[in-house]
Amino acid sequence: MSWFAGLLGPWRGFAVTLRQMFRPKVTTQYPEEKRVKPQRFHGRHVLNRYPDGMEKCIGCELCAGVCPARCIYVRGADNPPEDPVSPGERFGYVYEINMLRCIFCALCVEACPTEAITMTHLFEMSVTSREDAIYTKDELLVEPDGTPRHPQPEGPLVDLDELRRGHGWLRATAPSGRAAYEGIVAWTPSATYGEPPPERGQAGVTDETDGES
Amino acid sequence: MADAPDQVSITLDGRVVEVPRGALLIAAAIEAGTYIPHFCWHPRMKPVGMCRMCLVEIDTPRGKMLTTSCTTPVADGMVVETSSPVVKKAQEGVIEFLLINHPLDCPVCDKGGECPLQDQTLAYGPGDGRFVEEKRHYPKPIPISDLVALDRERCILCARCTRFSEEISGDPLIEFVDRGNHVEVNTFPNHPFTSYFSGNTVQICPVGALTARPYRFRARPWDLEAVEAVSTVDSVHSKVSLEASMNEIVRISGVDCDPTNQGWLSDKDRFVYEHLLADDRVVVPLIANGDGFREASWGEAVGLAASRLADLGGAVAGLGGARSTNEDAYVFSRFLRGVVGTPHLDAQLDDGLAPEFAAAVEPRALIDDLDDADAILLWGPDLKEELPVLYLRVRKAATAGAKLVVVHPRRTGLDDVAAHTIRYRPGEGPALLRRLAAGEGDLAEARDALGAGKVVALVGRPGLAEPAELAEAVAAFALTLDDARILPLVRRGNVFGALDMGLAPTLLPGRVSVDDAERRRALAARWGSLPDGVGMGATDILEAAASGRIGALVLLGVDPVRDHPRPDLARRALERAFVVALDLFVTDSTRHADVVLPVAGLGEIQGTVTNLEGRVQKLNRVVPPPGQARPAWSILDDLAAALGSELEADAVEKIFEELATLAPAYEGLTWDRFDWAEGRDGVVVPLEGVTPPLRHVPSDPGLAVVSERPALHLARVLYDDGVLVRHCPSLASLAPEAAAHLHPRDASVLAVREGDRVRLEGVGVVELPVVLDPTLAEGTVYVPFNLAETAALGAVPSVRIDVVREAGS
Amino acid sequence: MAGPTNHPGFLLSTLERAVAWARTRSTWPATFGLACCAIEMMATGAAHNDLARFGMEVFRASPRQADLMIVAGRLSQKMAPVLRQVYDQMTEPKWVISMGACASTGGMFNNYALVQGVDQVVPVDMYVPGCPPGPQSLMHGILSLHEAIRAGRLQRDVRVFA
């Protein structure tokens, strides 16, 4: 009966195809829908502000110093006393990141003593020239209401509404990840609309929304 | 126990080590390889034991005791523990105490990243503090001078800055005030920290309490790229580290080089880098175009210069080279003599000393000779104004016991530590010298002081209105003493190197006289040709150019209109001649140039330089030159090629190799020697066993006394209106007010008061306010040289004073 | 969206648009995976992201059949001539996407071994930041490129070598 099985073989192959046609699709229909990013996704950076609108960046260059790709260029300057840009003596008057050099390792976020630089869920940064990939302070700094700015105009591939959904990455628990800090916000969240809840999971607690925003 | 008589043995953490007798325990331990943390102790200053960080345990008859190792001299058989639990606990306690009031603004502090307090907190601190109360607060930062800002919150009261000001620089303008918890470091009310050495306190501050305002927030330590070089601001050649960020030099720090600066710098050395970043630096070749300049290509500019120089044949002269490297000076010398074929060249502008005397005086002193001298004779410029780092060395020697005799027309910075100060009216120097040599009258004591033991004679020109031969006469007197050495003093950056490279009408490279036939042959064989005869010096060159006998001048980093004693002559000469200038800026002199070629400056070139004691040191490069600026040797090589000759100057190492073979005094030097071991502190030429052909023994030139009154004392000040200072925003504002200083008795004869205006007539006429100066010799007018208002005066032995009476007064 | 503005005329303009549309819908990539970015590039072609939706499912092993080179990964100095050769062997019109930090600028590997940006070797039309860029980041780059091709913004003069 082996000849019969051989005859049937191709049809069994077609059967596989046929079966798959009725299974639910796994494909994410980008660009119409976007994959949900994990909470700590390393996307594009933003420079945050305090609730009163003051810049958090003090121009200390620790981010530039720690950057393994040396893609950050910061220069500090004296804060004008009558109209200070940031609290304290110094502010960052030049802040540039070359997104094409950046390896999105978030060491700058870890180094930042004022939580001025954080990472968002924004990932659409393709450019046609290398100059355009250098994000200046104007582009990195969030609006006073906490919305990240976008260097590109709105178009089919640029969804400005996305900016409001993709919040700045934040470390909500103790730096050491101690379970005792579960659910305790150690410092205030950054670029986002509203305040996201603290992270879960360090005490072994999980739920299905964990890891999604 | 120790074998050598000057050694003792101590037990350091269970290890027996031999250390020098009498050394401080902390220094001995660090020397032996055991680091002891400290804040207040500094190897170049006396210990105070204020910070308590250097506590160690020492075995005593009463048991183990905690002692500050910075105040304890070593003793034979001493048993020391530097890391026992007790010491650790003490160190942790000290750090915790220091941090009680220290603010945590490290991210915005200029010291953050290179801060001893940060480092030692990490290495020796407890990791946690128990102090939760509010810290001490002060307004911050407060500017205590134009260069230094003070942040009292950060101060840990180590007294390094106050001790430096008192012990080292001798201008105690910063001190502790108040008592107990309120103690703070500060300046005196209404008196800024106007020290010439204030930058050193910033460098030695172990926290960020004192910061430099020009460097404030310019960069962070981790993005600084540093190389070693020497400061070419003056001829002492202090060792510095040039620190650059993003291709701009943003800081200069002193490096401890035992034979020269011992870690200290003057503020001019420290902040002079600002001129490199000036907006009006020449960065492209310029060709004169009507009243101004137009930008040109290298080919066009060099072609124009070469064709005009070729047309003129030998009627060309060269000035300058005293601010360049030895390699630039050598190529300049070869270019002028070998390619252009002119014997007329001079690195000095008749404002220095005779070339043979400066370059080849015997026996020559080293700066280090000051330390074991019994007496020091200083007859020359006010060191604090002209050679500030040498001032520190002389001051150190004098406070350590050397008898210092200062001869100057007015009070100098060293008068405080001098055993004898002698004032004289400029022009009457020769008479004074005869009286001093004979020990007449009130000079007997000073003569006695010089009479015995080792003497170092620092000789130079006290003022520009006095003849250069005075130094020769003083040196000749010094040689009549038992054991005297001469250190000729000329200020300009690499003037000694330039003279050694033959940039003088009477000298050939390597301390050779132009009359030396044998050396001439050797040089001509390599250079192709060598013009005959002795050329003209700077003044003669300028006169010849002004009268048309010299058709073209090549200027290498020189500003005769400002620096020559006769500014009017220099201006006429430059206006008439065809001038090719290699310079950083369009200066008062290069404004008259027909072609200006941009050269690279400090930190932008490699090369060697020679300081006033003959020490050759290496300059390293840390940033690229801006625009199209290039090293001078490379430009001269192009000019020579356009004139149809080959200088083979295509790498600085190659030029150095050539000059080391052709210049007898530099025989045996190799380029690599400056990078390693002792060579890093420089090498004094001639090397042992090398005898340069020219040895100049000073003899009394028989100067006549000029006793016209009022005599002019025209002397340099540290911050003048020179081209470098003018382009350093932080330093330019520090220039003193231009004034005519008069002795009160002279002023009363003229019936002028302080602030009245007088008109002085020398070469030119200047109008200046009067300042009364009781320290000035009577019958003398002192005018600071080269300020904007005094530049036109010129150097003449005596001036005419007219009082300007305002109408109605 | 306007067609190529540098080609006036009605009939041919419409044809150009049709050609641009066709090119957009079948931009076949050449495989040039050099490092970790290539994993993301493969993922982009797989079911979850499915490049086939844009007519790009066929990663061609032969440069002759490819229109788009996705340089995915760090380009070493030794590899550079190979990359250039493959690019040269591709038929016009052709496009290049530089995927990720290393390909675009050298990234954190600022050293002697790596080409500091493939644009030193081949003309790059689209740079995709990321280390590595995720599939959707890459797709953003691809779709931006498609948009540019469709609008005729990236058309180069075809050089014909005799």
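Author: Let's start with chain A, where buried residues make up 37% of the 213 residues. Buried here means that 20 or more other C-beta atoms, placed from the backbone, lie within 10 Å of the residue's own; with 12 or fewer a residue is exposed, and in between it is partly exposed. Keep in mind that this is a predicted model: local features need pLDDT of at least 70, side-chain atom pairs count only at pLDDT 80 or more, and totals for chains, interfaces and linings use all residues. As for labels, residues are numbered from 1 along each chain as its sequence is written, while chains are lettered from A and ligands numbered from 1 in the order in which they are written.

Chain A has five helices and five strands, and from the N terminus on they go α-β-α-β-β-α-β-β-α-α. Two residues are in contact if their C-beta atoms, placed from the backbone, lie within 7 Å. Of the contacts in chain A with a separation of 6 or more, 64% are between residues 24 or more positions apart.

Now for the neighbours. Towards chain B, 13 residues of chain A are in contact with eight residues of chain B. Helix 2 (62–66) and strand 2 (72–78) of chain A each put at least two residues into that side of chain A. By type, the side of chain A that touches chain B has six nonpolar, three polar and four charged residues. In that count Ala, Val, Leu, Ile, Met, Phe, Trp, Tyr, Cys and Pro are nonpolar, Asp, Glu, Lys and Arg are charged, and the others, Gly among them, are polar.

Towards chain C, the contact takes 27 residues from chain A and 26 residues from chain C. On the chain C side, helix 4 (100–105), strand 4 (126–128) and helix 5 each give two or more residues, and helix 5 of chain C gives the most, with eight residues. That side of chain C divides into ten nonpolar, 13 polar and three charged residues.

So what does helix 5 of chain C (residues 135–150) do inside its own chain? Helix 5 packs with helix 2 (residues 37–45) of chain C at an angle of about 75°, their axes 9 Å apart. Axes are lines fitted to C-alpha atoms, for helices over the stretch in contact, and angles run from 0 to 180 degrees between N-to-C directions. The two helices of chain C are therefore roughly perpendicular; that label covers 65 to 115 degrees, with under 35 roughly parallel, over 145 roughly antiparallel and the rest oblique. Helix 2 of chain C brings Glu40(C), Met41(C), Ala43(C) and Thr44(C) to the contact, and helix 5 of chain C brings Pro135(C), Leu138(C) and Met139(C). Those residues come to five nonpolar, one polar and one charged.

Conventions
Helices (H or I, at least four residues) and strands (E, at least two) are DSSP runs, numbered from the N terminus.
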